[in-house]
Amino acid sequence: MSEPFSKSEMMIVAAARELAGQHVCFVGVGLPNIAVNLAKRTVAPDLELVYEAGVFGARPARLPLSIGDPTIVTGATAVVSMFELFAFYLQRGLIDVGFLGAAQIDRFGNLNSTVIGDYAAPKTRLPGSGGACEIAINARNVFVIMRQSTRSFVERIDFRTSPGNLGGAEQAEAIRRAGGWNGRGPSVVVTDLGIWHFDEAGEMRLDFLHPGATLDEVRATIAWEPRISPSLATTPAPTAVELRLVREELDPEGVYTK
Amino acid sequence: MPGKVATMRDAVADLVRDGDTVAIEGFTHLIGFAAGHEIIRQRKRDLTLARMTPDLIYDQMIAGGVARKLIFSWLGNPGVGGLNAIRRRIEPAAVGDGTPLEIEEYSHFGMVARYTAGAANLPFMPLRSYFETDLPKANPLIRPIRSPYSDETVYAVPPLNPDVTIIHAQRADANGNTQIWGLLGCQKEAAFAADRAIVVVEELVDEAVIRADPNRTVIPGLIVDAVVVQPYGAHPSYVQGAYDRDNRFYLDWDPISRDEEKTQAWLREWVYDLDGRAAYVDKLGTERIASLRPGSAPSGSVDYGDYR
């Protein structure tokens, strides 16, 4: 019998596990930050953490409060200017995984973190791209981590900040090749309810349902009729070790996990 | 005082003019709060504020009415939420009959590339970004460009040349030779791109200290107009090795900034009613300041060699 855990904890643990076998990871703010730091302590000890603020090979001793926390500098392999980081590390093609979150995602993994509503007269002004636009284009793989709701998993995003599989895999592949992108597009979307990968058509497909989540919940929190894998499986529950790391080391105040 | 050393009041009065494009750079690290507060206090007007991450300082400056336009790439309170005073100048429901803030938006790489083009005196900087996004539609200054050497198309951004760039640093000598360690952001690019540069430092050091470690010099005095000595001038952001981010303030700012009256009351209490940074630090209190002091992690030293 495993310990009880929250939806956020399951999401963080599932995202961390997806990093097994990856080498160089560009870390984003918020949930990606804790997921990547968990992976480094579990499935991917050799993971090189890259922060857009200009750090390669970070060894944060505490969970960074922001992507520019001083703890990412002390003990790092290298501190570089942001021009070098974006030009030599990302645009040069050295980043295996870019982690992104967003306010809206569509079935093809295109992301909006800019505005809700019309750009010129927004209902809600969001933070905007930051590095998300070029991470989506130049990180070899993009991992998305977001909570499901019909407000965020939408038929049509209000603004395309970060390209995913555009209108489908075939079109996206041709455009990426012609444009010399390093990226192969989104490879996984980890939510509070399950784990989605992308099928041959470039559309999100639910492969794992988290323990306790139901398909009814999945359908009720997504604005399109989702594709469900015929071999849908249950995500293994967080282990005691994973939960201890999250609760005691990475997020002792429960900022991300409540 | 010798060289370019000036008070914050004089540096801002002499070098920041109404209508200027002003860049206060420093990516989460070394954010020039003391300089921003002085700009508010002197009631500068019609500024175009440029900064990758406007952060709390531009939220406060825009609430203080200094700006007509904002150039940026990520608009948030890092790790906390949104920038509420700025949103009130952008979202029509909140702007109402007021004057909306003009915005010009890029990605991080786009902003860094703009400063780099500006610093290198180039007409544009090409980058592999913006493909298949709505950003070039939102900002027509982001334009596709065909390579003169192949049939590839990439995107270009124009140079950004601020009238004045202000940066905060650990130390400089009286001539403005400036050393930074920790995150470097785009301070070097933004300073070289500017017509005028103000460097605000935690500590004024002898020229010999700078010359003993020339690899750490990020900005030469050659391009610096004024050096302001202002300990804790980056609070509530941090200075690597000197003090940590005061996260309590980043959290406190969210409810304050959600309410226009509370925002203005905060500006009165912490900016207008104080005559400068020393008074601000006094008001914060020694206990709060002491709590931000990190443990020690000195670098090893290197031997540059003595060649005669």
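Modeller: Residues are numbered from 1 along each chain as its sequence is written, while chains are lettered from A and ligands numbered from 1 in the order in which they are written. Because the model is predicted, local features need pLDDT of at least 70 and side-chain atom pairs count only at pLDDT 80 or more, whereas totals for chains, interfaces and linings use all residues.

Biologist: How many helices and strands does chain A have?

Modeller: Helices are DSSP runs of H or I with at least four residues, strands are runs of E with at least two, and both are numbered from the N terminus. By that count, chain A has seven helices and 14 strands.

Biologist: What radius of gyration does chain A have?

Modeller: The C-alpha trace of chain A spans about 50 × 45 × 35 Å along its principal axes. The radius of gyration is taken over C-alpha atoms, and the globule rule is 2.2 Å times the number of residues to the power 0.38. For 258 residues a compact globule would come near 18 Å, and chain A agrees with this, at 18 Å.

Biologist: What percentage of the residues of chain A count as buried?

Modeller: A residue is buried if 20 or more other C-beta atoms lie within 10 Å of its own, exposed if 12 or fewer, and partly exposed in between, with C-beta atoms placed from the backbone. Of the 258 residues of chain A, the buried part is 55%.

Biologist: How many of the eleven residues of helix α2 of chain A are buried?

Modeller: The buried residues of α2(A) include A:L31, A:I34 and A:L38. They pack against α1 (7-17), β1 (24-27), β2 (48-51), β5 (97-100), β10 and α7 (240-250) of chain A; contact here means C-beta atoms, placed from the backbone, within 7 Å. Helix α2 (residues 31-41) is largely enclosed by the rest of the structure, because the buried residues number ten of the eleven.

Biologist: Which residue stands opposite A:W196 in β13(A)?

Modeller: Strands pair if DSSP finds at least two bridges between them. Strand β12 (residues 194-198) of chain A runs antiparallel to strand β13 (residues 204-209), with five bridges. The hairpin has five residues between the strands, and A:G202 takes a positive phi near 85° there. Opposite A:W196 stands A:L206.

Biologist: Which residue of β14(A) is the bridge partner of A:F208?

Modeller: β13(A) is also joined to strand β14 (residues 227-234) of chain A, by four bridges, and these two run parallel. In β14(A), the partner of A:F208 is A:A233.

Biologist: What is the phi of A:L166, and what is the phi of B:T28?

Modeller: Most residues other than glycine have a negative phi. A:L166, in the loop between β10 (141-145) and α5 (169-179) of chain A, is buried, with 22 other C-beta atoms within 10 Å. B:T28, in the loop between β1 (21-25) and α2 (33-41) of chain B, is buried with 25. Phi is positive in both, about 45° for A:L166 and near 60° for B:T28.

Biologist: What is the omega of the cis peptide bond that joins B:H235 and B:P236?

Modeller: Most peptide bonds are trans. B:P236 lies in the loop between β12 (226-229) and α10 (247-257) of chain B. The bond joining B:H235 to B:P236 is cis, with an omega of about 10°.

Biologist: Which residues on the other side of α10(B) are exposed?

Modeller: B:Y250, B:W253, B:I256 and B:S257 are buried in α10(B). They are on the same side of the helix because they cover an arc of only 120° around the axis, the arc being that of the directions from the helix axis to the C-beta atoms. Their cover includes α3 (55-63), α4 (84-88) and α11 (260-272) of chain B. Exposed on the other side are B:R248 and B:P255.

Biologist: Which helix gives the largest share of the side of chain B that touches chain A?

Modeller: The contact takes 43 residues from chain B and 41 residues from chain A. On the chain B side, α6 (108-119), α7 (135-138) and α8 (187-193) each supply at least two residues. The largest share, four residues, comes from α6(B).

Definitions and conventions: Contact = placed C-beta atoms within 7 Å.
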